[in-house]
Structure formats: structure tokens, C-alpha cells
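Student: I would like to learn how to read helices and salt bridges in a model like this one. Could you take me through it, one feature at a time?

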Amino acid sequence: MDKKVMSMQMSPQDAAEALRRGGAVLCLGVPDGTIFGIDCASYGVGPKFMGLKMIPPGIHILHFAPTNVKKKASAPKTSLFVTIKEAEVLVYRWDKSLEGLVEVTEEERRQYTTGYRRLDFDAKLAPYPLRLQRVWESLTPHLSPKVRAKLEPIQKFRVVPRQPLPAPKELSEKLNQTEEQKREKSFISTSMASKGPPDARMESKGDEKVVMQLEHKKAKKMETEEGENTVMEKEKKEKKTMNVENTPAVPPPLVVRRRFYSRLPDSLEAIKAAKKRCKALQTEMDSLRNTLNALEVQKILGTCKKSSGKVLDISAKKAGSSDELGKEIKAKKERLTKMDAKMRSILASVTTCHMDKSEGLYALMNKEYPGQSHGVLGELEFAFCSFVFGESFEGLEQWKKLTRLLCSCDKAVDEKPDLFAAFTQVLHSQLHAIPRDFFQDCISKENFLHDCLKDYLEILKNSQISGQHRRDHDKLQSLLKTKFGLVFVFEEDSEDGPVIVELTEKQLAELKLS
């Protein structure tokens, strides 16, 4: 193991206390050279490695990757979140066929726990790197057991068998059938080409004999060509069947760790639904306007159409009929005004959906984390650790989505100051864990995080935050400047922005007179 990572200065009393209170993870049969890690530490294990001890109680992530020592190549990492209670012992075994850790039976777990209490494996257990404990705690302050149980409810690995390949005989029969169909098609096409179109046939009987002789010669040539082709095709078939027989019938199974991330509200779906409502509302408003125009015309001309279709003169009706028509026109105008206000509110919601994601954040919190004010931050930390330490692409995508959402909430920053004060601290800790050249690398220099940070810092600058949150905002800005060299210039600070000029009372009076 890496001595730098595992070295720590601890008194015998502290070591005994850490051994008594801390938990342990026994990993049986891990091959020599395997990359194994817990939380922020990662190293290559030796032949005597059996696990870790002195692990502080709480949530931790185990990440590992099988390695070929001779070829100096390693497979992608697999990560596993565990909740370790005080003095608890977890036991896993390395499965060679699956190339991963699997849980042992309950009876084996009891036996190995008893051996651990007797210190039978103490010499083969590596101590937890306590010097990196604060770093891990700063990355996961809101990752509670409830959040972990929601995102990773299945505590065992799920073995997914891949689709088996067809048997060699079945595959060779399919190849034979396809080649026979190709030969039949080629024979039909050549025979049709030799006969030619019906308009080009000979009309005289003498010419028919010549045509028959030519067709007979062509048929002989085709038979010889087909004989040569069949020999070549047989050789190809034998080669294909040899390759098919050498391939394995069923590939090795795939080990999958299933995680259930929250589905974020899709702004595109909301926009589509709003457009659909606007279209239906616009159709109804157009119909109402046409009816209103017709009623106004009838009022001007002095005629009124009844439902029966008869037209009567206003003078022949009662005196109150014109008043009733006026009331109907007024009611329809009021209804049209309400519909127009509703249309404007829908369009305004579409605009805010693009610019402010506060409503989407509230919908996510009420649906996925009711009663847990910081549950969204716990999922953000879970996804980030899965990506950084477990090399999970799924975790990267969820971290990107949640970061975009939280960095685009203009209204929620003032309405939920505690949530965003905690988010600023989490963002500061995550940027500490990111490499220094993250914004300079050719792949990641124009990534999503640059725009998200710029938007979030601008929101915080224009918000009403104060106290500790304002100090955390300043720390975040200084970290971006010192570590990554990022300095954001907003519109108000730029030279091209609008300039506010204060006028004197005399100048204001002159403007009013003009």
C-alpha cells in the first residue's frame, strides 16, 4: 500500500480508541495489485491485504478496479456506498468470475466478525487514513442514511447475464440459408437479363431457333460459373464455421450496481405543455372575438339574430332587448380580458422557466425529499463522489443536472437562504477536490461548470444574502481566482454596460420644460 496515504501519527491511546469505536471492512481474496480505495484514498493492494480497520462511523464509499499486473492495465472502477455503524464489521469476498466484491453469507459474516474481535486479522488490515477524514466529511455533510437508502436501496450487486450467442450449428444453418437466397437472386437476375424485355423478342419463327441456341450457350456458361462459385463459397463457409466454433457461446456476466437518481423536472416538457395550452386558449379567444364582433355589428345595425335563425327588427322587440345585448357584449369582453391575462401569465411562466429554475427546484424537493430540506444537496454529494471516486458516468450526468438547477434559482436564493448557504459551502469543497487544470484542459476548459458558476455568482451578488453566506461567497470567488485563475466580469462591471448619471434639480427642471 501507499505509505504516504496510510501513514499517520497517533498515540497508543488514540489508536486503541479508534480501534474500539471504528468499524471494519473485510475484503477476502482480493488479487495482488488491485486498485482499492475508500473515500478520498486509493492505492494498490498487496498479497496480504484483507481489508480496512478504524473506519469512523458514517457513510463511506468503497471503490476498486481489477488490474492486470503484467500488462499494467486496469479495468474501470466499481463503487459501493456503505453505512458503517460503531464497531460494525462488514465482510465481502472477491469473485474472480465477476471481478468484484460480493457479500458473504450471514454465517460466514459471524465467523469472520468473531475472528476480527480476537485480532486474528489485525496484521493484514490497513488503518483508515484519518488525515483525509475531514476532506471526506466536507464533501458529504448532507449525505444522510435516508438519502443513501433512497438512491442505492439494493445493498447487493446485481449480476446481469449478457445475451447468449446462437449455437454454432444454428448460426451455420443461417449462413447457408442466406447464401442460397443470394445465389437464387443472382440466377434469376442473370436469366432475366439474358431474355431481355418483351418488346425485344423475335417475332419470326426462324429467329426463335437462334435465340434458343444462344440461351443454351449462356446456360452452360452460368453452370460452370456457378460450379466455381460453389467451391469458393464452401471454403468461405468452412472458415466461418471454424470462427463460430472458436467463439464462446455465452459471454461472462456483467456486474452492475443499480442506483436510482431523482428525475429532474424537464423544462422542455413544461414549455411544450405551455405552448399547447396557449394554442388552445388562442383558438378559444379567436372564436370569442368573432362572436363579439358579430354582436357589436348587430347592435349598430339594430338587428338581433335568434337561435332559430330569424331576423327581427329591434323596434319590434321589447325595450329591454338592446340592454340585454349590451350586457352580453360586456360579459364577453370581461371574459376575453381574463383569457388574455391568463395567456400573458402562461407566456411569462415560459420565460421564467428559461431564466429562473426555482419552481423546478421546489417541485423536485416536494416530490423526492418531502420534509428533508437538504436532501437535494445529499443527492448532489452522492453523485459527485460516484463520479470522482467511482468513475461513474451516470453520477457525472446527475451532478451536472443538479448543479445547473441549483445555480439557476434566482428567486429561491432569497426564499431559502439556509439551503443556498449550504450549497455554496458544498460547491467550495467540491472545487477543492477538482484538479487545478480542470478549466485549462482541452477537453474540460469549456465545460458546463464555467457558465454555472458565473450565473450563480451573479445571482448571489444581486441577492440579499449577508453574514456567513456573504463570506462564503467571497471565499468561493477567491478560490476560483487563486486555484483556477477565473475572474468573472458581469455586465454592471464592464465598460460597455449602462452608465447611471445623477442630474441636478436645475437639469431636471430644464428637461421638464423641454
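**Reading helices and salt bridges**

Tutor: Let us start at the end of a helix: α16 is followed by Gly 485, whose phi is positive, near 70 degrees. Keep in mind that this is a predicted model.

Student: Which residues of α16 are buried?

Tutor: Buried means under 20% relative accessible area. In α16 that holds for His 469, Asp 472, His 473, Leu 476, Leu 479, Leu 480, Lys 483 and Phe 484. They cover an arc of only 125 degrees around the axis, which puts them on the same side of α16.

Student: Why would residues three or four places apart point the same way?

Tutor: An α-helix has 3.6 residues a turn, so positions with that spacing point the same way. In this structure, the face of α16 turned away from its buried side carries Lys 481 and Thr 482, which are exposed.

Student: What covers the buried residues of α16?

Tutor: The cover includes α14 (417-433) and α15 (448-462).

Student: How many residues of α11 are buried?

Tutor: In α11, 12 of the 14 residues are buried, so this helix is largely enclosed by the rest of the structure. Among them are Gly 375, Leu 377, Glu 379, Glu 381, Phe 382 and Cys 385. Helix α11 runs over residues 375-388 and reaches 20 Å from its first C-alpha to its last, close to the 20 Å expected.

Student: Now to the side chains. How many salt bridges does the structure hold?

Tutor: There are 12 salt bridges in the structure. Take Arg 21 and Glu 86, whose side chains meet at 3.9 Å, N to O. Arg 21 is in helix α2 (residues 12-21) and Glu 86 in the loop between β8 (78-84) and β9 (89-95), so this pair, 65 residues apart, links distant parts of the chain.

Student: How accessible are Arg 21 and Glu 86?

Tutor: Arg 21 counts as partly exposed at 35% relative accessibility, and Glu 86 is partly exposed too, at 45%.

Student: Which parts does the salt bridge between Arg 335 and Glu 284 tie together?

Tutor: Their side chains meet at 2.8 Å, N to O. Arg 335 lies in helix α9 (residues 321-355) and Glu 284 in helix α8 (residues 267-301), so the pair ties together parts that are 51 residues apart in sequence. Arg 335 is partly exposed at 42% relative accessibility, and Glu 284 is partly exposed at 36%.

Student: Which residue forms a salt bridge with Lys 411?

Tutor: That partner is Glu 359, and the closest N and O atoms are 2.7 Å apart. Lys 411 belongs to helix α13 (residues 410-415) and Glu 359 to helix α10 (residues 358-368), so parts 52 residues apart in sequence are tied together. Lys 411 is partly exposed, with a relative accessible area of 35%.

Conventions: Residues are numbered from 1 along each chain as its sequence is written. This is a predicted model: local features need pLDDT of at least 70, side-chain atom pairs count only at pLDDT 80 or more; totals for chains, interfaces and linings use all residues. Side-chain values use heavy atoms; hydrogens and water are left out. Helices (H or I, at least four residues) and strands (E, at least two) are DSSP runs, numbered from the N terminus. The expected span of a helix is 1.5 Å times one less than its number of residues. Buried means under 20% relative accessible area, exposed over 50%, partly exposed in between (1.4 Å probe, protein chains only). A salt bridge is a side-chain nitrogen of Lys or Arg within 4 Å of a carboxyl oxygen of Asp or Glu. The arc is that of the directions from the helix axis to the C-beta atoms. Contact means heavy atoms within 4.5 Å.
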